[in-house]
Amino acid sequence: MIPTCTGERDVYQFIKACDLACSAVEKDDLPILMKFIITKLFDQALNVCRYRDMSDWEGMKLVLLDAFEPQRSTSSLQVALNSVRMRNNEDVGTYARRVEELYYKLCVASTKGKGAEPSNTIRDQLKEQTLVVFIKELIPSLKTIVKSRNPATLELAILVAKDEETELKSESDAYQYYGNNSQNRQINNSNGKNNNYNRRNNNFNNRNGLQYDQHPNFNRPDINRKEEQCHKEMTKDAVEYLIGWVTKKYRRKYPELGSTTTVLGNTCHDYTLPTRVNLMTD
């Protein structure tokens with residue numbers, strides 16, 4: 001399918017399509033194809049070609065390129081082609097258009113004033129060079145696959161790169177979709193556990209129909225001080241018990257450990273825990 005050409009940023013796509021069409025038909029059918037190609041010219045492109053001999057495609061291509069392409073030297077175009085790179089956020093189609101544009105510009109600059117046979121040889125050499133540059137400067141995830149396929153032409157290399165790009169994108173989308181779903185399930189499970197925990201706490205705190213922070217004893221300084229005092233006394237009793245147990249077990253072997261709590265008679269509390277400690281360490 002040959003697109004239309006107006007001379008505004010569509011010249012190289014038009015030339016590429018016409019090149020493929022001319023290479024696919026027999027030599028005897030080229031005059032009919034040229035008549036069809038001329039019907040695809042509009043606006044500035046049509047005005048440029050209107051009063052010229054358009055029976056030959058190579059001549060028409062040179063006219064279009066000379067009319068719509070700023071003149072650059074062969075050496076500068078060669079440097080531009082050798083330094084072209086596929087950008088990180090660039091798709092294969094955009095990268096391929098940039099490479100092909102440089103290829104066509106270099107062909108025009110290199111074959112200007114030369115005959116048909118030398119021009120064809122130069123174009124073939126430049127196309128092989130462009131194929132190598134195109135594959136070499138792909139992003140790594142695409143370069144490995146395209147290089148392993150060993151495409152024979154630039155067009156085939158572009159097609160393989162586009163197919164691989166589509167496959168990688170579908171795999172990435174699938175991974176992102178399933179990964180997000182798995183993460184959401186984990187978050188939902190975690191939220192469910194937290195909800196169950198909060199529900200149990202609320203049931204415990206709401207036995208009298210009150211929220212925890214609405215309970216009469218919530219945030220009372222006297223209650224908090226009493227709880228803190230009890231905690232300190234329980235910690236002290238635990239340490240005292242352990243000391244008494246160690247003293248009783250090893251007092252014959254290590255007399256320097258000291259006496260047990262029963263010998264000291266230290267019962268300073270008003271509840272029965274010290275008495276129980278005395279009995280257990282006796």
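Visitor: What counts as a salt bridge?
Guide: This model is predicted. Here a salt bridge is a side-chain nitrogen of Lys or Arg close to a carboxyl oxygen of Asp or Glu. The cut-off is within 4 Å.

Visitor: Is Lys127 buried, partly exposed or exposed?
Guide: Buried means under 20% relative accessible area, and exposed means over 50%. Lys127 has 27% relative accessibility. So Lys127 counts as partly exposed.

Visitor: Which residue meets Arg85 in a salt bridge?
Guide: Arg85 lies in the loop between helix H5 and H6. Its partner lies in the loop between H7 and helix H8, so the pair ties together parts that are 52 residues apart in sequence. The N to O distance is 3.0 Å. The partner is Glu137.

Visitor: Is Glu137 buried or exposed?
Guide: The cut-off for buried is under 20% relative accessible area. Glu137 has 14%, so Glu137 is buried.

Visitor: Which side chain of opposite charge is nearest to Lys40?
Guide: Lys40 sits in the loop between H2 and H3. Lys40 is buried yet has no salt bridge. Its contacts include Met1, Pro3 and Phe14. The nearest side chain of opposite charge is 12 Å away, and it belongs to Asp10.

Visitor: How far from Cys49 is the nearest cysteine sulfur?
Guide: A disulfide is a covalent bond between the sulfur atoms of two cysteines. The structure holds 0 disulfides. Cys49 is in no disulfide, and the nearest cysteine sulfur is that of Cys5, at 7.8 Å.

Visitor: How far apart are the end C-alpha atoms of helix H4?
Guide: Helix H4 has 12 residues. At 1.5 Å a residue, helix H4 should span 16 Å. The distance in the model agrees, because the end C-alpha atoms are 17 Å apart.

Visitor: Which helices do the buried residues of H4 pack against?
Guide: Trp57, Met60 and Leu64 are among the buried residues of H4. The buried residues of H4 pack against H1, H2, H3, H6 and H7.

Visitor: Which residues are linked with Asp19 in a network of salt bridges?
Guide: Side chains of opposite charge can pair when their charged atoms come close. A search of the whole structure finds 9 salt bridges. The network links Asp19 with Glu58, Lys61 and Arg123.

Notes: Residues numbered from 1 in each chain as written. Predicted model: local features only at pLDDT ≥ 70, side-chain atom pairs only at ≥ 80, totals over all residues. Heavy atoms only, no water. Helix = DSSP H or I, 4+ residues; strand = E, 2+ residues; numbered from the N terminus. Expected span 1.5 Å × (residues − 1). Buried < 20%, exposed > 50% of the residue type's maximum accessible area, 1.4 Å probe, protein only. Contact = heavy atoms within 4.5 Å. Lys, Arg positive; Asp, Glu negative; His and termini not counted. Disulfide = S-S within 2.5 Å. Lists of a residue's contacts leave out its neighbours within four places in sequence.
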